[in-house]
Amino acid sequence: MADHYEVLGVSRDATPDEIKKAYRRLARELHPDVNPGAEASERFKEVTHAYDVLSDPKQRQQYDLGGQGGFGGQAGFGGFGDIFETFFGGGQQSRGPRSRRERGQDALIRVELGLEEVIFGTHRELEVDTAVVCETCHGSCCAPGTSPVTCDICHGTGQIQRTVRSLLGNVVTASPCGSCRGYGTIIATPCVTCQGQGRVRARRTVPVDIPAGVDTGLRLQMPGSGEAGPAGGPNGDLYLEMKVKTHEVFSRDGDDLLCTLEVAMTDAVLGTSTTVHALDGDVELELKPGLQSGEVLTVKDRGVTRLRGNGRGDLRIGVHVLTPTKLSGKERELVEKLAASRKQKAPELSHFQQGLFAKLRDRFLG
């Protein structure tokens with residue numbers, strides 16, 4: 001790579017004003033609007049890069065140190081801070097320039113499900129706003145037809161070395177190159193679509209098969225479905241956090257489904273058969289005579305499919321016998337005859353018993 005001073009046509013001891021004047025003169029001559037040729041365009045990039053380095057005092061100093069045959073040409077006595085830094089981690093040399101490619105961040109999406117979807121699992125097409133690989137540069141970060149160039153400050157090492165003279169002798173320390181930020185290369189012509197990041201924000205569709213048996217708070221991990229990494233780096237992971245909506249009829253206890261069946265007093269006394277609508281189809285029930293409030297009817301294998309394991313839970317139905325509050329004259333007469341025929345004893349105090357819902361809760365939960 002050409003010497004920056006030679007590119008600008010100035011001496012190595014040129015003042016900042018002389019460097020600025022030389023750059024302006026060459027820029028007016030080589031600017032693409034004035035000189036559209038390909039050769040002039042490349043020359044203009046060299047001139048601009050040379051000026052960027054030499055107009056910055058720190059970068060110019062680093063460049064001068066590297067251009068004098070080594071980074072130790074202007075070594076001086078180092079203080080105790082330099083010695084301490086060298087021996088306790090600050091002076092460790094890296095094994096090479098760091099990569100622009102980095103792993104993308106993980107993403108978290110909350111997925112709301114109906115209880116009926118949980119029984120057998122479901123398929124979703126999720127819309128995710130995330131980072132994807134730039135289609136223009138395909139993650140290279142460079143404009144099409146270009147590629148990164150070796151940094152002329154650190155010569156591709158990604159670090160600047162300097163020799164510090166201490167009481168213990170000469171010690172070589174290293175720090176990330178300020179010109180290339182430790183990458184060892186410079187992207188002279190960044191991709192205009194992604195601004196040199198190698199990725200852009202976009203919406204994409206992620207197909208997801210949600211297994212049966214998930215519950216609120218459970219997180220599913222989808223490796224490699226998160227955000228694309230910078231410079232074409234690998235994707236992070238996508239996490240799906242489940243939230244099961246409350247159902248107006250059914251609730252859940254582990255893998256079992258719970259509900260309440262309201263039964264007329266006459267049906268509870270005489271017994272009957274009925275059909276109820278479960279989440280996965282109709283269920284035939286046989287109600288025996290003398291059915292009591294608080295009893296629990298169990299229908300095997302009509303609950304939620306187990307997340308880990310085989311089979312399904314049960315459908316447990318709590319019974320609530322309805323006592324009529326309004327009777328016609330004829331109905332009241334019939335009930336009075338029934339009461340007289342049964343010779344029921346008068347109401348009296350007995351041990352306290354819980355209400356229906358407390359009894360149901362206890363029986364549901366064992």
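**Entry 1: strand β1 and its partner**

I looked up Arg110 and found that its bridge partner in β9 is Glu241. I am working on a predicted model. Next I checked the two strands themselves. Strand β1 covers residues 107–113, and strand β9 covers residues 238–244. They pair in the parallel sense, over seven bridges.

Then I followed the side chains along β1. They alternate between two faces. Ala107, Ile109, Val111 and Leu113 point to one face and are buried.

**Entry 2: aromatic rings**

How many aromatic pairs does a search of the whole structure find? I got one. The rings belong to Tyr23 and Tyr51, with their centres 4.3 Å apart. Their planes lie at 10°, so I wrote the pair down as stacked. Planes under 30 degrees apart count as stacked.

I also checked where the two residues sit. Tyr23 is in helix α2 (residues 16–30), and Tyr51 is in helix α3 (residues 38–54). They are 28 residues apart, and the pair links distant parts of the chain. Are Tyr23 and Tyr51 buried or exposed? I found both buried.

**Entry 3: a patch on the surface**

I turned to the surface and picked out a nonpolar patch. Met265, Val269 and Leu270 make the patch, which is about 290 Å². I looked at Val269 in particular. Val269 lies in helix α7, which runs over residues 265–270. Why does Val269 count as exposed? Its relative accessibility is 52%, and exposed means over 50%.

Note on methods:
Residues are numbered from 1 along each chain as its sequence is written. This is a predicted model: local features need pLDDT of at least 70, side-chain atom pairs count only at pLDDT 80 or more; totals for chains, interfaces and linings use all residues. Side-chain values use heavy atoms; hydrogens and water are left out. Patches are made of residues with over 30% relative accessible area and no salt bridge: like charges are joined within 9 Å, nonpolar side chains (Val, Leu, Ile, Met, Phe, Trp, Tyr) within 5 Å. Accessible areas come from the Shrake-Rupley method with a 1.4 Å probe; for residues, only the protein chains shown count as cover. A salt bridge is a side-chain nitrogen of Lys or Arg within 4 Å of a carboxyl oxygen of Asp or Glu. Helices (H or I, at least four residues) and strands (E, at least two) are DSSP runs, numbered from the N terminus. Buried means under 20% relative accessible area, exposed over 50%, partly exposed in between (1.4 Å probe, protein chains only). Rings of Phe, Tyr and Trp (its six-membered ring) pair if their centres lie within 6.5 Å; planes under 30 degrees apart count as stacked, over 60 as edge-to-face and the rest as tilted. Two strands pair if DSSP finds at least two bridges between them.
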